[in-house]
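Have the viewer open as you read.

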Amino acid sequence: MEKTITKDILRDELFSGRGSAVEKLFHRYGGMLFSYIQQFAPSRTEAEDLLVNIFARLASRLETAFESNLSVYCWLQTEARKIILESRQQDPGLVFPKGSNSGESDRKVYYFSLLVDASPEHRHVFRELFVNGRQREDLAIEMNRDVTHVGDILRDCMVIIRKKLA
Amino acid sequence: MNIQQYIASGIIETYVLGLALPEEASQLERLLPFYPELQAAISDFGFQVELFAIQNEVPPPTGTFSRIQDRLRELPAVKNPVRPAGRASEDKKENEYVPVRESSTHIRVHKYWRVAFIVVFILSKLLLFGFIYFLLQYRHAERDLRALKLQEQTTNKANLSPDPQDGEK
């Protein structure tokens, strides 16, 4: 594996300058994050816009990675998702993944490629919670089920993903 | 609490992917200091996530980083962290803008390479001077040896050749 950026490396890079730290993160993780973002964006152009927005917004708060229990890359992924969901709340027409609102089948991209064998209900719950950032309560009401059921389905999806990744 | 059962429930994956509810996340974070296996499980799954991301990597379009740099220039001032030893200069940088390095043909190396380079440079110079010194010594010695041999030959010839006056007698 190409060299992972640890928190110590990021800290040293920040001492050299914020721009330098962003550059290092982009050159190491830009491609990985770009692929991850495509789950949330309908096109490459929109994914690129999101990538630019994510790095620009994270630049001023890279230090928060040190407080996280996650690795630098996992922290980047979770922060990227938060920024995407925030952007979507501010402008609902900005981005939406194909298939999420239009009844099309799920694109077999990224984490969805690990859930191809899961039931349609599992994929629906994962898509609504992960990609569309919906609350478990809202989804439970829509599905006419209780919140615990939604939580259980989500955990099933997580276990499937873990097994597929291992 | 059966910690292995807790780990197997999918909580680690939910937490790493950012899908845990606030109460689930805070419960996990409270348990972390007491159960090192939880941090190990987070690291393991994080590693798998990173590996999966590498396998699915797609290079962003060219020019993406220039767009990020442009956005960084527009940002309001953000102070860089300062190393503990360098606190004196911290006050001077109150209104510092985000420094953005232009892409260049230069490379950045660790500062220890400077020391290594100086040592190698000095050693190479010492070796060069040593080489020149011994070369000159060798040439001098060779010249002296040749002169001695010549002198010896001349002496031998002089000793062997008969005295012409002795023959006449």
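## Ground rules

A residue counts as buried if 20 or more other C-beta atoms lie within 10 Å of its own, with C-beta atoms placed from the backbone. Helices are DSSP runs (H or I, at least four residues), numbered from the N terminus.

This is a predicted model, where local features need pLDDT of at least 70, side-chain atom pairs count only at pLDDT 80 or more, and totals for chains, interfaces and linings use all residues. Residues are numbered from 1 along each chain as its sequence is written, and chains are lettered from A in the order in which they are written.

## Helix H5(A)

In H5(A), the buried residues are Val125(A), Phe126(A), Arg127(A), Glu128(A), Leu129(A), Phe130(A) and Val131(A). They pack against helix H6 (136-143) and H7 of chain A. After H5(A) comes Gly133(A), with a positive phi near 65°.

Beyond its neighbours within four places in sequence, Leu51(A) is in contact (C-beta atoms within 7 Å) with residues including Phe34(A), Ile37(A), Pro60(B) and Thr64(B).

## Where the chains meet

Here 42 residues of chain B are in contact with 44 residues of chain A. On the chain B side, H4(B) gives the largest share, 11 residues.

Key
Two residues are in contact if their C-beta atoms, placed from the backbone, lie within 7 Å. Helices (H or I, at least four residues) and strands (E, at least two) are DSSP runs, numbered from the N terminus. A residue is buried if 20 or more other C-beta atoms lie within 10 Å of its own, exposed if 12 or fewer, and partly exposed in between; C-beta atoms are placed from the backbone.
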